[in-house]
Amino acid sequence: KKWREDAKYKPSMPEMMTAIKRKIELREKVDCNFDGRVSFLEYLLYQYQDFANPADFTFRAMKTMDMDEHPEIVKARKALEEVNKAIQAFEAEKHRLQTLAEKPG
């Protein structure tokens, strides 16, 4: 039996695709820090995403340790929500003023 046919090596086998499709996939899904290069760690995280999803690491660690989100993260999320609300208000006012400016007179 060849190793390629062994089920335990199936996750290690890359999906067959054209070179153009592979380049697009590498650029959009694998290059985590958008530097135009794919590190070995980025490739491993992509290839074994079913086993090693980076988003799950923090969730599982927090769940295992019975932790809530770090207070700084909670604070940052609230600040981001406030900024997003301010941006939406600004955009609404901008739209209102542009509509008024387009009217004759």
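**Notebook: a helical chain, looked up piece by piece**

I began with a pair in helix α4, which spans residues 71-102. Arg96 and Glu93 sit three residues apart there, so about one helical turn separates them. I noted that this is a predicted model.

**Entry 1: the pair in α4**

I asked what Arg96 forms with Glu93. I found a salt bridge, with the closest N and O atoms 2.6 Å apart. The general idea is simple: side chains of opposite charge can pair when their charged atoms come close. The spacing along the helix also makes sense to me. An α-helix has 3.6 residues a turn, so residues three or four places apart point the same way.

Next I checked how open the two partners are. Arg96 is partly exposed, at 41% relative accessible area. Glu93 is partly exposed too, at 35%. Then I asked how many salt bridges a search of the whole structure finds. The search gave one.

**Entry 2: the whole chain**

I counted four helices and zero strands. Read along the sequence, the pattern is α-α-α-α. The chain has 105 residues, and 8% of them count as buried. I also looked at contacts between residues at least 6 apart in sequence. Of these, 24% join residues at least 24 apart.

Which residues of α2 are buried? I wrote down Glu42, Tyr46 and Gln47. I then looked down the axis of α2. The buried residues fall within an arc of 130°, so they line one face of the helix. The face turned away from that buried side carries Phe40 and Leu41, which are exposed. I wanted to know what covers the buried residues of α2, and the cover includes α1.

**Entry 3: Glu25 in α1**

That took me to α1, where I picked Glu25. Is Glu25 buried or exposed? Its relative accessible area is 15%, and the cut-off for buried is under 20%, so Glu25 counts as buried. I left aside its neighbours within four places in sequence and listed its contacts. Glu25 touches Met17, Val30 and Tyr46.

**Entry 4: the largest pocket**

I looked up the largest pocket next. Its volume is about 250 Å³. The lining has 13 residues, and the closest to the pocket centre are Pro11, Met13, Glu15, Tyr46 and Gln47. Which elements give two or more residues to this lining? They are α1 (19-30) and α2 (40-47). I sorted the lining by class as well. I got six nonpolar, two polar and five charged residues.

**Entry 5: Phe51 and Pro11**

My last stop was Phe51. I placed Phe51 in the loop between α2 and α3 (54-64). Its relative accessibility is 55%, and exposed means over 50%, so Phe51 counts as exposed. How far apart are Phe51 and Pro11 in sequence and in space? I read 40 residues along the sequence. From C-alpha to C-alpha, the two are 9.3 Å apart in space. Pro11 was already in my notes, as one of the residues closest to the centre of the largest pocket.

Key
Residues are numbered from 1 along each chain as its sequence is written. This is a predicted model: local features need pLDDT of at least 70, side-chain atom pairs count only at pLDDT 80 or more; totals for chains, interfaces and linings use all residues. Side-chain values use heavy atoms; hydrogens and water are left out. On a 1 Å grid over the protein atoms alone, a cavity is a set of points where a 1.4 Å probe fits but cannot get out, and a pocket is an open set with protein on both sides within 12 Å along at least five of seven lines; lining residues have an atom within 4 Å of a point. Grid points are joined across faces, edges and corners, and a volume is the space filled by probe spheres set on the points. Ala, Val, Leu, Ile, Met, Phe, Trp, Tyr, Cys and Pro count as nonpolar, Asp, Glu, Lys and Arg as charged, and the others, Gly among them, as polar. Buried means under 20% relative accessible area, exposed over 50%, partly exposed in between (1.4 Å probe, protein chains only). Contact means heavy atoms within 4.5 Å. The arc is that of the directions from the helix axis to the C-beta atoms. A salt bridge is a side-chain nitrogen of Lys or Arg within 4 Å of a carboxyl oxygen of Asp or Glu.
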